[in-house]
Structures are given as structure tokens and as C-alpha cells.
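Please read the points below with the model open beside you.

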Amino acid sequence: MKKRLSITLIMLLSLALVFAGCGSNDTSKSDKTETKDKEKTEVTSGASKTSYTDPSELKDEYDIVIVGAAGAGLSAALEAKAKGMNPVILEKMPQAGGNTLKASSGMNASETKFQKEQGINDSNDKFYEETLAGGHGTNDKEMLRFFVDNSASAIDWLDSMDIKLNNLTITGGMSEKRTHRPEDGSAVGKYLVDGLLKNVQEEKIPVFVNADVKEITQKDGKVTGVKVRLNNKEDKTISSDAVIVTTGGYGANKELIEKERPDLKGYVTTNQEGSTGDGIKMIEKLGGTTVDMDQIQVHPTVQQEKSYLIGEAVRGEGAILVSQEGKRFGNELDTRDNVTAAINKLPEKSAYLVFDSGVKDRVKAIAQYDEMGFVEEGATIDELASKINVPKEELTKTLDTWNASVKNKNDEAFGRTTAMDNELSKAPYYAIKIGPGIHYTMGGVKINTNTEVLDKDGKPITGLFAAGEVTGGLHGENRIGGNSVAEIIIFGRQAGDKSAEFVKEQQ
């Protein structure tokens, strides 16, 4: 009896242990699932709200305040931190990225290691001359020289942070493949912002969103910090030895656009809504001066209904532009102002980007355009012609003539010499309807190559720096595609570096 009882007790105890073990395993599995879900949220959040610093952590004082959290601001913060500074980034919008998020074509740079690896024989002098020609000779030559000579090191700097731009294409006004893109050919903007933001977070640099800087403070001719409004309700004054303004341009400010260029009234804009020129206005109040404010770039290929930029990489990888008659009407890889003028001469003031599946494979951004409903597809040229309502015979003739030009490397009709590596002969065929739209403001505050903001006498305003589209002069009367992304990295880094040097001198 005692033996049976002992056996029964042992069995009951064993079962209890098994159940306890199962319970323990279930809990462990639940914990692992929760951990995986949490990790997934953190990884996929990118530039989402969960990535930013809690407003309660905003301090009263920092070494350097950076106003604007797009490419230039993030680059400046990383350089300043590397130089031993304690920077903070304040962004008025709910997320980081600004107009940088919308960049799609790539980043121009010359004499890079990736060009050399791919046998592309480029030079800084050629980059300089072609950019100067693109700007009609009106570029600030000192700024331009610094820009091209520091472009390759900017590519290396990004690569050192695991932001690799080794896929090369070409944009209008360039003679060499110097437009650097992510390895898979995807749009450069989001890739760049995600990569920079990841490094900013790893360096524990605070980034506050919904932090609208209303004023840059100054005492005895020296910048002392900023006044910021948090979440549209709480005002706070932040002290700093230096301020870097990287707030972008004014392409979304209709009133300012119309004031500077009445002829552009009614144009759609590709700019994000925060591009209203706030930084320019604040700097002007401190005595800063502006340059080229009436130089506003209209991009030739914008999807009109959603004001969405169709990147230059589409043409850079071989697409052509055709009219409603199904005919080419100019050199698609001419400078943006010239291509825009050619489209505006058409009765409809619109055209179609036409390309094949080869271009679609090489430009990953097209998949995004397709998801947004911009892309028409035809299994044959005739089917595509029917869908976009152009004459079938003309479109077929246009593509046949173009493919012969590519084969012979001779565009007799319009003298195009670049992006002629592949025929448009790989079905299916595609088209995107486009027209001109306001894209970029070449004008802005005047800076020198140290990114110091200058007053009307050409003297630096003590402690004030700026970089990116908020500044003017670099591009002259026309910006070359791919140069704005290069500008924000090159001059963003310089602003972080030079402001750090300035702060060290004050300490």
C-alpha cells in the first residue's frame, strides 16, 4: 500500500513538474515573441516618432543647436559630435528628413573610389566646369570649387557609416556617370535619412521633433541660442555657443514664390510642406544677407495630380520624353531649365516619360511610382500607345528611331550623348505623364566656404552657420540634378566641423 502511494506521489510530482515546465516554456515563448515584436518595431520605425528624443529631456544649454533634421542637419550633428561637441537637433515637423526624403536620383561626386572601381575616368575639374556651365556661369566659384573638391571624401564618409552609394548613373548637364545611388538603385533620399538617423541615434545625439524654432537669439553681435516652441504649446529658450541653420528652402511658400517670381504662380510644388523659408527669415533679422532669391528651379518631370517628382534617374537610365503626338521633342538629358522650356512649348505643357522593363529594373524608384498609380503599362508598344492616347504608328516610329540612335551612338535629331547604353526594346513598355513643377530654390542666405553666415558687408555673423538649401549661390541660375544631395552632405559636414572649431575657441 505504502509502495503504491509512493509511486502515485512520484507520478503526481512528475506531472506537476512537466506542467510547470510547459508553463515556463510558454512564458519564455511569449517573452521571445514580445521581444521580436519590439525589435521589429524599432527596426522598421525608421524616421518615425518612436525614434526621437522625449521632449522632457530637452536641456537649457548645448554646445551647438542645429535647426533642421534633414540631410544637412544630421550630417552637421555627426561631425560636431565627432569633434567632441554636445549638439542638439531641433525639427519643426513631426519627423526628420525634410526634402531630403524626397530625393530620388542620387548624389553627384567626382574622382570617387566607386567611379575608379568601375573604370569611370572623371575629374574634379570636369565636374566644376559642367556645373558652372549648368548654372550659366553665375555660380559662386569659390563655393563651387570647395564643393567639387570635397565631393569624393563625402562619399567615403558616408561609406564609413555603412551608407554605401556605389550604383552610378547620370543626370542632365553631366558627361560622366557621377550620380551615386544605393547599391540596389533605389531612391537615395530615404536611404540617406535612415542611415544618417541611425548613426545619430548610435551617437546618442538628441533629436527633438515638433520643435519649431521661432527665433535665433543674439547679444552684442554674437549668437547665443534659440527660442523654440515645443508641440505648438510650450516655449523654451536654449543657450548655445553656436547655431547651425539647415531648414531648407522656400519651395512650399506660395506667397514668397509669387513675390520673387510672379510667372510661377499656379505651379505645383514637389516640396514638403515644411519648406517655407523660416531659416532665411530668422537669419535676415540678425543682419544676414541673401543671394539669388529669384532663382527658382522648375523640374521638368513632375506627376501633376500628386505633385510628385519623377526622378532624373529614369531618364538617366535611358527613358525618353514624347509629346501627345508620340514624338520626341528635345534632348531629355539637357539641363533642367532647357527640358522644362521644351515641355512648356508643347500645346499641352505636359509629356510622357516612355521606357521599357530594362529601365524599370535599373531604377527601383519606379516600383514606388507604380504603387502610387502613376505608371501605365503595355505588353506591346501599340497597347501602351492606346493607354496614353498617342498615335501608335508615331510612337513605334519614335522608339525604332531612338533604338537605332542608341545602337549607332548618334542622336541625329537632338544631339543627346548620354544615357544611351541600352535600347528601349524589352517588353513590357511603360509611360508616366509629367509636367513641370517647382522643385528647388537656388537662392538663400549668403555663406562662405566655412559655412559662416555673412552680413551685407560680407563679414561673418559670430556663431552663426548654415548649410543646404537654406543657403544660396552655389548653383547659380540652374541646379544640376544630384548636386543638392551632394551639397547637404558636403556643407553639412563643414558646418559641423567649423562650428565645433568655433565653440572650442570660446571655451
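1. The largest pocket is lined by 19 residues, and those nearest its centre are Gln95, Gly98, Leu101, Lys102 and Tyr308. Two elements give two or more residues to this lining: β12 (308–309) and α13 (365–371). A pocket here is an open set of points on a 1 Å grid over the protein atoms alone, where a 1.4 Å probe fits, with protein on both sides within 12 Å along at least five of seven lines; lining residues have an atom within 4 Å of a point. Helices (H or I, at least four residues) and strands (E, at least two) are DSSP runs, numbered from the N terminus.

2. This is a predicted model, in which local features need pLDDT of at least 70, side-chain atom pairs count only at pLDDT 80 or more, and totals for chains, interfaces and linings use all residues. Residues are numbered from 1 along each chain as its sequence is written, and side-chain values use heavy atoms, with hydrogens and water left out.

3. On which strand does β19 pair in the parallel sense? The partner is β9 (residues 234–245), over 3 bridges; two strands pair if DSSP finds at least two bridges between them. Val245 stands opposite Ala466 in β19.

4. Strand β18 (residues 452–454) runs antiparallel to β19, joined by 2 bridges, and Leu454 stands opposite Pro460. The two strands form a hairpin with 5 residues between them. In the turn, Gly458 has a positive phi of about 80 degrees.
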